[in-house]
Amino acid sequence: MKAVFGGLGVPTLMIGAFWAATLITAPFVGISVQTLLSDTIRRAGMNGVLVLAMVPAIQSGTGPNFALPLGIVCGLFALVCSIELNLTGISWLFGSILFSIPLAAAAGYVYGKLLNAVKGSEMVIATYTGFSVTALMSLAWFAVPFKNPKMGWFIGRGLRETIQLDVVGGAQILNNFLMFKVGDVIIPTGMLLVFCFLSALVSLFFRSKTGIAISAGGINPRFARAAGLDVDRNRIWANILSNILGAIGIIIYSQSFGYAQLYSAPLMMAFSAVAAVLIGGATASRANVLNVVIGVILFQGLLTTALPVANEIFKGTDLSEIMRVIVQYGIILYALTQVKRED
């Protein structure tokens with residue numbers, strides 16, 4: 001068992017077994033397995049790039065990126081700028097992504113400099129950074145002088161809390177591209193292709209000279225400095241990449257969801273992404289693309305499958321939120337207890 005599954009870790013195996021058990025149980029409580037699998041695939045594609053954003057930060061030694069809302073608000077700002085410019089359809093999607101990259105890169109640079117100034121407390125600072133940026137942008141959404149009626153309040157100024165993307169032809173634009181069915185299971189081909197493409201780019205990046213240098217600094221900073229590597233600069237590059245992936249990830253998430261959610265919506269999104277990559281077998285100091293793929297499928301599969309099954313078994317109760325919190329924060333707690341053991 002250790003030879004076959006040893007690299008996955010105990011939480012991954014337990015959650016995988018639990019997910020399989022709920023899939024087997026679903027037909028007996030009147031829930032369609034095909035529907036559950038369709039929802040799992042869709043939600044995995046929605047959240048995949050956000051989880052992928054964890055890899056550069058973890059590999060650089062700064063730990064899981066709890067400041068993911070920083071990249072998310074950059075993506076959301078680019079998204080609403082594209083709507084303000086009256087872009088629609090595929091031009092809106094590409095415009096949002098192109099606008100988000102320089103914004104996220106600049107924010108990631110500043111954030112990387114901050115992390116270099118607080119070495120040893122990165123995860124604490126990251127959490128407060130994400131919360132602070134979300135609160136600051138809540139004020140900014142009221143102040144931006146956008147005039148497009150598709151996203152402004154009907155009375156007064158500022159942007160609405162939830163903006164419908166079907167008004168610009170952006171809702172599920174990637175999901176519907178080359179979409180097909182296997183039986184009753186819906187495969188959102190376009191969204192999965194984008195996730196696979198970005199995953200391949202990240203994997204190739206960490207096989208490049210810069211990527212190897214980032215990983216070396218994360219594994220052993222003293223040795224990396226002795227070898228002539230600029231560890232601080234590499235940490236900044238890693239957080240720029242993480243921020244860009246977070247910005248692109250929220251655009252992909254929003255188009256699949258069909259809405260762009262502003263104000264406090266990004267506040268807790270980092271925690272589900274961190275939990276997913278840790279469930280996939282990553283640790284607080286090592287992660288790869290395979291951990292992302294396994295983790296996002298298991299985590300979203302568990303939420304999609306186990307929660308409705310549990311609610312059917314225990315009728316009259318709503319266990320969905322309780323189980324989500326237990327799984328999400330429990331797995332983060334487990335991973336953080338292993339940090340000293342890894343060192």
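The structure holds two salt bridges, a salt bridge being a side-chain nitrogen of Lys or Arg within 4 Å of a carboxyl oxygen of Asp or Glu. This is a predicted model, in which local features need pLDDT of at least 70 and side-chain atom pairs count only at pLDDT 80 or more, while totals for chains, interfaces and linings use all residues. Residues are numbered from 1 along each chain as its sequence is written, and side-chain values use heavy atoms, with hydrogens and water left out.

**Asp232 and Lys119**

- Asp232 forms a salt bridge with Lys119, and their closest N and O atoms are 2.4 Å apart.
- Asp232 lies in helix H11 (residues 231–257) and Lys119 in the loop between helix H6 (89–117) and helix H7 (122–143), so this pair ties together parts that are 113 residues apart in sequence; helices (H or I, at least four residues) are DSSP runs, numbered from the N terminus.
- Asp232 is partly exposed at 30% relative accessibility, and Lys119 is partly exposed with a relative accessible area of 38%.
- Buried means under 20% relative accessible area, exposed over 50%, and partly exposed in between (1.4 Å probe, protein chains only).

**Arg235 and Glu122**

- Arg235 forms a salt bridge with Glu122, the closest N and O atoms lying 2.9 Å apart.
- Because Arg235 lies in helix H11 and Glu122 in helix H7, the pair ties together parts that are 113 residues apart in sequence.
- Arg235 and Glu122 are both buried.

**Ser256**

- Ser256 lies in helix H11 and counts as buried, at 1% relative accessibility.
- Leaving aside neighbours within four places in sequence, Ser256 is in contact (heavy atoms within 4.5 Å) with Arg42, Met46, Gln172, Asn175 and Met191.

Conventions. Helices (H or I, at least four residues) and strands (E, at least two) are DSSP runs, numbered from the N terminus.
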